[in-house]
Structure formats: C-alpha cells, structure tokens
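Here is a short briefing on one chain. Keep the sequence and the 3D view open as you read.

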Amino acid sequence: MHEFGLLKLIMPRLEPYLQSGKRLKLVRLRIGELKGVNNDHLHHAFEHLKDDYPQLSSCELEWELSKVSFVCKECGTKFDANQATCPACGAVFPEMATGNEFEIIEVRFE
C-alpha cells in the first residue's frame, strides 16, 4: 500500500501546523491520476497515521483527482492525454502539465 508512504511524504509540510498546538480539522490534497492512489487505501492509511499524530485525531482528509494533461513546448497549448500531438500546431513530445501531483492545497484548524 503505497498510499501510506505518500502520506508520510507530506508530513514534513504539515509539521509547522502540528507544532503550533492547534488541532487540524481538514487536510485537502490534489492527487494526480498517475499516482495510482486507491481511495479506500488512502483513507485507511490516513486513519493509521492519526495514531502517530494526535493533532490529527479529529482531522478529515479530502482530495481531488487531477487528470493527466499536457502542454505543448512549441505553442503553449494545453490538451488532454487522449492526444499524442498538439492539436494546435502538431508538435510532438509535449510536457506533462497535470496528473502527477501529490500536494496539499488546503489546511483548516478547529
């Protein structure tokens, strides 16, 4: 279950909030679909993580899925993963724009 490992990776970013003495109410994440995260496993891993961090005991975890998209290196057009070439200029080998994220986008306190 790699979901637990992914959550452990964000803990250093949450550490300042945890050290403030405030109890966290919500942590909201953006997760790219290429991370292959299973919703049930992520929820279970977060519940397990609460055992190590009492400040998370009443915290809820929410997340949004980020679909894979690309951006053309030639013209800057953003397009979805269903295309192999830029629909605007036909250039090949675009850069990935979204779909590989695992990031905190919101933190709320009680």
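Contact here means heavy atoms within 4.5 Å. By that rule, and leaving aside neighbours within four places in sequence, Phe-79 is in contact with Ser-69, Phe-70, Val-71, Cys-72, Thr-85, Cys-86, Pro-87 and Pro-94. The model is a predicted one.

- β1 covers residues 24–32 and β2 covers residues 60–66.
- β1 and β2 pair in the parallel sense, over seven bridges.
- Within that pairing, Gly-32 stands opposite Ser-66 in β2.
- β1 is also joined to β6 by seven bridges, and these two strands run antiparallel.
- Val-27 has Val-107, in β6, as its bridge partner.

**Main nonpolar core**

- Nonpolar side chains tend to be buried together in soluble globular proteins.
- The largest nonpolar core in this model has 21 residues.
- Leu-7, Leu-29 and Leu-56 have the most contacts inside that core.
- α1, β1, α2 and β6 (102–109) each supply at least two residues of this core.
- α1 gives the largest share, six residues.
- Leu-56 touches Met-11, Leu-18, Leu-24, Phe-46 and Lys-50, not counting residues up to four places away in sequence.

**Second core and Phe-79**

- A second, separate core has six residues, including Phe-70, Phe-79, Cys-86 and Ala-91.
- Phe-79 lies in strand β4, residues 78–80.
- Is Phe-79 buried or exposed? Its relative accessibility is 5%, so Phe-79 counts as buried.
- Phe-70 and Cys-86, two members of this core, are also among the contacts of Phe-79.
- Phe-79 and Ser-20 are 59 residues apart in sequence, and their C-alpha atoms are 41 Å apart in space.

**Salt bridges**

- Side chains of opposite charge can pair when their charged atoms come close.
- How many salt bridges are there? The count comes to seven.
- Glu-64 and Arg-28 form one of them, at 3.1 Å from N to O.
- Glu-64 lies in β2 and Arg-28 in β1, so this pair ties together parts that are 36 residues apart in sequence.
- Both partners are partly exposed: Glu-64 has a relative accessible area of 27%, and Arg-28 has one of 21%.
- Arg-28 and Glu-64 also belong to a network of salt bridges, together with Arg-30, Glu-62 and Glu-103.
- Lys-67 and Glu-33 meet in a salt bridge at 4.0 Å, N to O.
- That pair links distant parts of the chain, 34 residues apart: Lys-67 is in the loop between β2 and β3 (69–71), and Glu-33 is in the loop between β1 and α2 (39–49).
- Lys-67 counts as exposed, at 55% relative accessibility. Glu-33 is partly exposed, with a relative accessible area of 34%.
- Glu-106 and Arg-108 meet in a salt bridge at 2.6 Å, N to O.
- Glu-106 is partly exposed at 27% relative accessible area, and Arg-108 counts as partly exposed at 41%.

- Glu-3 is found in helix α1, residues 2–19.
- Glu-3 is buried, yet has no salt bridge.
- Which side chain of opposite charge is nearest to Glu-3? Lys-35 is the nearest, and Lys-35 is 12 Å away.
- The side chain of Glu-3 has a polar atom 2.8 Å from the backbone nitrogen of Asn-38.
- Asn-38 is also one of the contacts of Glu-3.

**Cys-59**

- Where is Cys-59? Cys-59 lies in the loop between α2 and β2.
- Cys-59 is buried because its relative accessible area is 1%, and the cut-off for buried is under 20%.
- Leaving aside neighbours within four places in sequence, Cys-59 is in contact with Leu-24, Lys-25, Leu-26, Val-27, Phe-46 and Lys-50.
- Cys-59 and Ser-69 are 10 residues apart in sequence and 31 Å apart in space, C-alpha to C-alpha.

Technical notes:
Residues numbered from 1 in each chain as written. Predicted model: local features only at pLDDT ≥ 70, side-chain atom pairs only at ≥ 80, totals over all residues. Heavy atoms only, no water. Helix = DSSP H or I, 4+ residues; strand = E, 2+ residues; numbered from the N terminus. Buried < 20%, exposed > 50% of the residue type's maximum accessible area, 1.4 Å probe, protein only. Lys, Arg positive; Asp, Glu negative; His and termini not counted. Polar contact = N/O pair within 3.5 Å; in protein donor to acceptor, adjacent residues only side chain to side chain. Core = buried A, V, L, I, M, F, W, Y, C linked by side-chain atoms within 4.5 Å. Pairing = 2+ DSSP bridges.
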